[in-house]
Structures are given as C-alpha cells and as structure tokens.
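Please open the model in the viewer and keep the sequence panel beside it. The stops below are given in the order in which they may be selected.

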Amino acid sequence: MLWKAAGAVMIAFILSMFSLQIRPTTSEYAEYGNVGSPAENWRPRLVAGWPAPFVADVPSISVPRQIGPEDEFRFGAFLGTFSFWLLVTLFFGSLVRLFNRH
C-alpha cells in the first residue's frame, strides 16, 4: 500500500513538472526594458505550470520572455498544481482497480 502511495506521489510530481511546458495567458504585467514609452515596456508576464502557474518570469534577473531556474517559484501555486495531479492520479488508479476486479 505504501508503494502505491509513493508511486502516486511520484507520478503527480512528474506531471507537475511536465506542466511547466504549458504557458497560460495571464493578467499579470512586468516591465521588459526601460527604453521608449512605458506602454511599450510593460508586457504580459510569462508564467508556466498548469492548472496553477507556479513559475513566473522575472525579467530583471533572467533572460526576458524565457522561463528558467532563476525565475520566481510560487510554492502555494505549486502545491495546488501538485494536489490537482495527485487527485487525477489517484482517481485513475481507482478506476484501474475497479475495472480489474470485473
């Protein structure tokens, strides 16, 4: 039983990491540069992760418009994303057990 739970946690973590490839649109804005008018410099902030984006681009310390290890990690949003994928994993695991009984 403990191995099944550990397997579900690992699958949920892997799915959370794969969700970094999803870049949803956001209403957050960040300043990308300081040349020209302010309207040209403030652009939508790049975020990654799904369903709750847990990494956000910080243009002042990283390569602008790219997600990297130096960008802002949001622990609360990561817990939400991880919990979502854990519930999905547990749900599908229970479906597999249900169909294997019959």
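Begin by selecting Pro24, which lies in the loop between α1 and β1 (29-31); helices (H or I, at least four residues) and strands (E, at least two) are DSSP runs, numbered from the N terminus. This is a predicted model, in which local features need pLDDT of at least 70 and side-chain atom pairs count only at pLDDT 80 or more, while totals for chains, interfaces and linings use all residues. Residues are numbered from 1 along each chain as its sequence is written, and side-chain values use heavy atoms, with hydrogens and water left out.

Pro24 counts as partly exposed, because its relative accessibility is 24% (buried means under 20% relative accessible area, exposed over 50%, partly exposed in between, with a 1.4 Å probe and protein chains only). Leaving aside neighbours within four places in sequence, Pro24 is in contact (heavy atoms within 4.5 Å) with Val47, Ala48, Gly49 and Pro53.

Next, select Asp57, 33 residues from Pro24 in sequence and 13 Å away in space, C-alpha to C-alpha. Asp57 is in the loop between β4 (55-56) and β5 (72-73). Which side chain of opposite charge is nearest to Asp57? It is Arg65, 5.4 Å away, and Asp57 is buried yet has no salt bridge (a side-chain nitrogen of Lys or Arg within 4 Å of a carboxyl oxygen of Asp or Glu). For opposite charge, Lys and Arg count as positive and Asp and Glu as negative; His and the chain ends are not counted. Display Tyr32 as well: its side chain makes a polar contact with that of Asp57 at 2.8 Å (a pair of N or O atoms within 3.5 Å; within protein, one must be able to donate a hydrogen and the other to accept it, and residues adjacent in sequence count only if both atoms are side-chain atoms).

Move to Arg65, found in the loop between β4 and β5. Its phi is near 65 degrees, a positive value in a residue other than glycine.

Now select Arg45, Glu28, Glu72 and Arg74, which are linked in a network of salt bridges. Arg45 pairs with Glu28 at 3.1 Å, N to O; this pair links distant parts of the chain, 17 residues apart. Arg45 also forms a salt bridge with Glu72, the closest N and O atoms being 3.1 Å apart; here Glu72 lies in strand β5. Arg74 meets Glu72 at 3.6 Å, N to O.

Finally, select the bond from Trp50 to Pro51: this peptide bond is cis, with omega near 10 degrees.
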